[in-house]
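This report walks through selected features of one structure. Keep the sequence and the coordinates open while reading.

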Amino acid sequence: EPGVVLKNYLELTKVENNLVLEQRNCKSVRKQMLNTNVISVNEHIDFVKGLKTKNSGYWAVFRNNEILGTINLVNFNTAKNSITGGNFASQNLIGSGIGVLLNYYMHLIAFEKIDCDILDAVVHKENRNAIRINKAFGAKQINERNTELIQFINLEFYKKNWLDGIKKTTNNLLKYVE
């Protein structure tokens, strides 16, 4: 996608880090997260510093210097050759289809850069946009789980399906994402 830049959280400027945190703390964004709490600036700074020693990756996704959202890949499992992925769109882009772009890069990194066989994800059961996009990426629902009053769906994606056609199909969708 022309003009799209992925920047590792560890390489973000202070201003960019604040933009990420501001978007993450928006009510419409955080209500779909596993952790729905507001995150303080100090908590965010400590989290980013901690990424230096963790086996995980967090990237802010920009186009024309505008933050579109973020993607993350965490919890690499050597036994399953799997990783857990997640993303969120910036508040003003929720429902715009930008999740297609975020998911595309998340899958590309997991399956082609890291070379995992399985990408796991957890989605809020009420997040219809995310569920629709995940279906386009070939998600297989594994189970549901409940935490307090929130219900989540566990999904799996497979490298074989990505390489056998999901990549091409979803790449074609990118031209519709403004």
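Contact here means heavy atoms within 4.5 Å. The model is a predicted one.

## Thr170 and its contacts

Thr170 sits in helix 6. Its relative accessible area is 0%, so Thr170 is buried. Which residues does Thr170 touch, not counting those up to four places away in sequence? They are Val100, Tyr104, Ala136, Phe137 and Trp162. Among these, Tyr104, Phe137 and Trp162 return below as members of one aromatic cluster.

## Aromatic pairs and the cluster

How many aromatic pairs does the structure hold? The count is 6. A pair of aromatic rings is described by two things: the distance of the centres and the angle of the planes.

Take Tyr104 and Tyr105. Their ring centres are 5.6 Å apart, and their planes stand at 90 degrees. An angle over 60 degrees counts as edge-to-face, so this is the class of the Tyr104 and Tyr105 pair. Tyr104 is buried, with a relative accessible area of 8%. Tyr105 has 12% relative accessibility and also counts as buried, because the cut-off for buried is under 20%.

Phe111 and Trp162 form another pair. Here the centres are 6.2 Å apart and the planes are at 40 degrees, so the pair is tilted. This pair links distant parts of the chain.

Which residues make up the aromatic cluster? Tyr104, Tyr105, Phe111, Phe137 and Trp162 form one cluster.

## The cavity

The structure holds 1 cavity of 30 Å³ or more. The largest cavity has a volume of about 30 Å³. Its lining consists of His107, Phe111, Phe137, Phe157, Tyr158, Asn161, Trp162 and Ile166. Helix 6 supplies the largest share, 3 residues.

Helix 3 spans residues 41–50 and contains His44. Which residues of helix 3 are buried? They are His44, Val48 and Gly50. These three cover an arc of only 160 degrees around the axis, which means that they lie on the same side of helix 3. The face turned away from that buried side carries the exposed residues Asn42, Asp46 and Lys49. The buried residues of helix 3 pack against helix 1 (14–25).

His44 shows the buried side in detail. Its relative accessibility is 8%, so His44 counts as buried. Leaving aside neighbours within four places in sequence, His44 is in contact with Tyr9, Asn17, Val20, Leu21 and Ile39.

Asn75 has a positive phi of about 55 degrees, although it is not a glycine. Asn75 lies in strand 3 (residues 66–77). Is Asn75 buried or exposed? Its relative accessible area is 56%, and so Asn75 is exposed, because the cut-off for exposed is over 50%.

Asn81 also is not a glycine, and its phi is positive at about 50 degrees. Where does Asn81 lie? Asn81 is found in the loop between strand 3 and strand 4 (82–89).

## After helix 6

Val177 is placed in the segment after helix 6. With 7% relative accessibility, Val177 counts as buried. How far apart are the C-alpha atoms of Val177 and Ala130? They are separated by 15 Å, and the two residues are 47 residues apart along the chain.

Conventions: Residues numbered from 1 in each chain as written. Predicted model: local features only at pLDDT ≥ 70, side-chain atom pairs only at ≥ 80, totals over all residues. Heavy atoms only, no water. Helix = DSSP H or I, 4+ residues; strand = E, 2+ residues; numbered from the N terminus. Buried < 20%, exposed > 50% of the residue type's maximum accessible area, 1.4 Å probe, protein only. 1 Å grid on protein atoms, 1.4 Å probe; cavity = no way out; pocket = protein on both sides within 12 Å on 5 of 7 lines; lining within 4 Å. Points joined across faces, edges and corners; volume = space filled by probe spheres on them. Phe/Tyr/Trp six-rings, centres within 6.5 Å; stacked < 30°, edge-to-face > 60°. Arc of directions from axis to C-beta.
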